[in-house]
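Dear colleague,

I am passing on a structure that I have been going through, and my notes on it follow below. Please read them alongside the sequence and the coordinates.

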Amino acid sequence: MPEGDTIHRTATVLHRAIAGQTIAEATLRDPLFEVSAIIGQSIPRVEPRGKNVVMHLSGGGALHSHMGMTGAWHLYKPGEEWHKAPKNAVLTMRFDEWLAVCFTPKMLALLSADQLRRHDHLQGLGPDLLGPHFDVAEALRRFRAHNQLPLGEAVMQQNIVAGIGNIYKAELLFLHRLDPFSPVSAYSDEELRALLREGQKRLAHNLGGHLRQLRFAGDGQRMWAYGRSGKPCFRCGATIQIRRQGDQGRTTYWCAKCQPTRMSRDS
Ligand SMILES: [Zn+2]
């Protein structure tokens, strides 16, 4: 699943290229919606919301896409060679100077203004770590409403805080020595706030488009825990472990020595 930094970068690049421009032509591979409805509309704004890209339409509605594990938006100049197979293009929109192509999204929908306003998932998203006014207190309140959830699951729940995927989960919890399997209730407000501030800082750092980097030792190793199962912890030398976690069985990497199990503070 793309992390918040990837979605923000995608939305920013799309916004710069196509905001204010009119959809001159559009083709849709699958009958997801009536494609003729978007032709002739312009796109005033492309907005990242959690892991979603929302392209607002001049008519008041929006194209809502969620990239899932394999989806991507690409921009091409007319005649430019594509980096993905055209058969995987689900939506192609032609603007004055650009083609915007959506490949294999997990979800792509045309929302009316009303549907956008009432959209359960979009409206239920927690504060966005990369948003212009990240609300720490609100994110903390949402964590506390899920006190029994293991922290490694809670940080990825987009209705608590938006923007953290599997990579940032592993790295942020490692950096702050927090065990992914202990419940949210095991951690103090200060610890959770510090974790959120760290997430904000780290995601923002990685917005530039270079290789995502959480570790800066100069040895080419850019991650502390993510993807390092079986290797020695850079901090203590113990073996980095891997385990599946939560309903979706997302992989979690952690150092059991640096991130020891915590007991709930309620008990
Ligand atoms: Zn360690």
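In what order do the strands of the open sheet of four strands run? The order is E1-E6-E7-E5, with antiparallel pairing, where strands (at least two residues) and helices (H or I, at least four) are DSSP runs numbered from the N terminus, and two strands pair if DSSP finds at least two bridges between them. E1 and strand E5 (72–76) are the edge strands, each pairing on one side only, and the twist from one strand to the next averages 15°, with axes fitted as lines to C-alpha atoms, for helices over the stretch in contact, and angles taken from 0 to 180 degrees between N-to-C directions.

Please bear in mind that this is a predicted model, in which local features need pLDDT of at least 70 and side-chain atom pairs count only at pLDDT 80 or more, while totals for chains, interfaces and linings use all residues. Residues are numbered from 1 along each chain as its sequence is written.

Within the sheet, strand E6 (residues 89–94) and strand E7 (residues 99–103) are joined in the antiparallel sense over five bridges, and Ala 89 has Phe 103 in E7 as its bridge partner. Helix H1 (residues 4–18) packs on the sheet and touches E5 and E7 (contact: C-beta atoms, placed from the backbone, within 7 Å), and its direction makes about 30° with that of E5.

Helix H6 (residues 166–175) is largely enclosed by the rest of the structure, because nine of its 10 residues are buried (20 or more other C-beta atoms within 10 Å; exposed means 12 or fewer, partly exposed in between). Its cover includes helix H5 (151–154), helix H7 (189–205) and strand E10 (250–254).

Best regards

Notes. Two residues are in contact if their C-beta atoms, placed from the backbone, lie within 7 Å.
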